[in-house]
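Open the model in your viewer and keep the sequence panel beside it. The stops below each begin with something to select.

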Amino acid sequence: MTPDHAKRLDEVKLLNNGFVVAKVGFAFELYLSNGQAVTTRLALCKILREYHALFHGRLSHYLKVDANRLTMIDGEAYLNYFDAKASTISPDEPMDAMVFGYPDKRVVDEPQALAISFTVSGPEPLFPHGNSSICAYFPCSFIVEKGYHYFRDLVSRWCSMVDAVHGGAGFSVLFEHGSFSGSSGGVATLPALKRFPGLDFSDPNVFQVEAARSDGLQIKSINWLTILSDGIVERLGGRQVLEAKLGSSCPVFDFNGGVIVQAGDEPQLGDNNRGIVLDDYRRVSGALKVVRFKDYKLGLIALPEPYDDMEETLSWIRRFD
């Protein structure tokens, strides 16, 4: 993808009744364990610091813990605020953090390609597996400028900083953090998801609810980079078995606690309308199919009538089958 193409993708807006409900960019979506531990929470705060450094001067607002109104960012003091909260909030209490970068530092009610958030907690009756999550967005132009290997190395480093369980990174529809997709997001993004199979549907909140009663070791889907803990790799028969199924075009990279599977040299969108098939993505999907979560109750993609949430959700997660 050329820098010019990347800038054009940055400008894509998915609309519903004239309102922007999603954009297109890159997402890093990770599910992790031990969210109740201070060390985990401080590690996530360190990721916030790295994200701040990547987009220095472009991040504009953050949401304080238990607040319902955004606060404007003034230097790096907000990072110290999150560090303090991570160190003092009881392990029995969840912790949230959200940071946004709005154009001209003026809040607008639509998704931004500069956004990072995490939600951490320990096991509880409604979520016995106890997985937490972090989600970070990136403009396409930033990834192309830095390079795909840079992005992969960043993902690997961030996974190594926490007890990563599973996740993905690559092209995605981008929603407003805090609300994520909602019904309007689903209906606005469905045509794009159907046409471009390389797009992920990034909504960690919904997936966490849907997968609450699972053991937490089942993946949502695959992306250009698919993150697997050592426990998931063992379920797949071990690394050698996995690599044999993937072949040479889908390399496997280590991080501390697991592996990252890469679907081809570069992230791709594909195009079902033009017959552009993503063979490497299909290869990865086939190799990981046995650890794919499929026991949905409500559906991942919330849609109004006459759509069938479950049918569209299952169709999307099976798009590479």
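Select aspartate 308 and methionine 310: the side chain of aspartate 308 caps the N-terminal end of α11, with one of its oxygens 3.0 Å from the backbone nitrogen of methionine 310. This is a polar contact, meaning a pair of N or O atoms within 3.5 Å; within protein, one must be able to donate a hydrogen and the other to accept it, and residues adjacent in sequence count only if both atoms are side-chain atoms. The model is a predicted one, in which local features need pLDDT of at least 70 and side-chain atom pairs count only at pLDDT 80 or more, while totals for chains, interfaces and linings use all residues. Residues are numbered from 1 along each chain as its sequence is written, and side-chain values use heavy atoms, with hydrogens and water left out.

Now colour α11 by burial. Its buried residues are Asp309, Glu312, Thr313, Leu314, Trp316 and Ile317. Buried means under 20% relative accessible area, exposed means over 50%, and partly exposed lies in between (1.4 Å probe, protein chains only). An α-helix has 3.6 residues a turn, so residues three or four places apart point the same way.

The peptide bond that joins glutamate 305 to proline 306 is cis, and its omega is near 10°. Most residues other than glycine have a negative phi, and most peptide bonds are trans.

Asparagine 17 sits in the loop between β1 (13–16) and β2 (19–33), and its phi is positive, near 55°, in a residue other than glycine. Asparagine 17 is exposed because its relative accessible area is 70%. Aspartate 104, in the loop between β5 (95–100) and β6, also is not a glycine and has a positive phi of about 60°. With 72% relative accessibility, aspartate 104 counts as exposed.

Helices (H or I, at least four residues) and strands (E, at least two) are DSSP runs, numbered from the N terminus. By that count the chain has 11 helices and 12 strands.

Is tyrosine 31 buried or exposed? Its relative accessibility is 1%, so tyrosine 31 counts as buried. Show everything it touches, where contact means heavy atoms within 4.5 Å. Not counting residues up to four places away in sequence, the partners of tyrosine 31 include Ser132, Ser133, His166, Asp203, Phe207 and Gln208. Draw a distance from tyrosine 31 to aspartate 163: they are 132 residues apart in sequence, yet 8.7 Å apart in space, C-alpha to C-alpha.

Gln208 leads on to histidine 129, which it contacts. Histidine 129 lies in the loop between β6 (115–120) and β7 (132–138) and counts as buried, at 15% relative accessibility. Leaving aside neighbours within four places in sequence, other contacts of histidine 129 include Ala211, Ala212 and Asp215. Two polar contacts can be drawn here. The side chain of histidine 129 reaches the backbone nitrogen of asparagine 131 at 2.9 Å, and a polar atom of that side chain lies 3.2 Å from the backbone oxygen of alanine 211.

Then select asparagine 223, in the loop between α7 (204–210) and β10 (225–229). At 2% relative accessibility, asparagine 223 is another residue that counts as buried. A polar atom of its side chain lies 3.2 Å from the backbone oxygen of phenylalanine 171. Beyond four places in sequence, asparagine 223 also touches Gly168, Asp200, Ala263 and Tyr281, among others.

For an exposed site, pick aspartate 92, in the loop between α3 (77–88) and β5, with a relative accessible area of 74%. Aspartate 92 and glutamine 36 are 56 residues apart in sequence and 6.8 Å apart in space, C-alpha to C-alpha.

Finally, zoom out to the whole chain. Buried residues make up 55% of its 321 residues. Of the contacts with a separation of 6 or more, 73% join residues 24 or more positions apart. The C-alpha atoms fill a box of roughly 50 × 45 × 40 Å along the principal axes.
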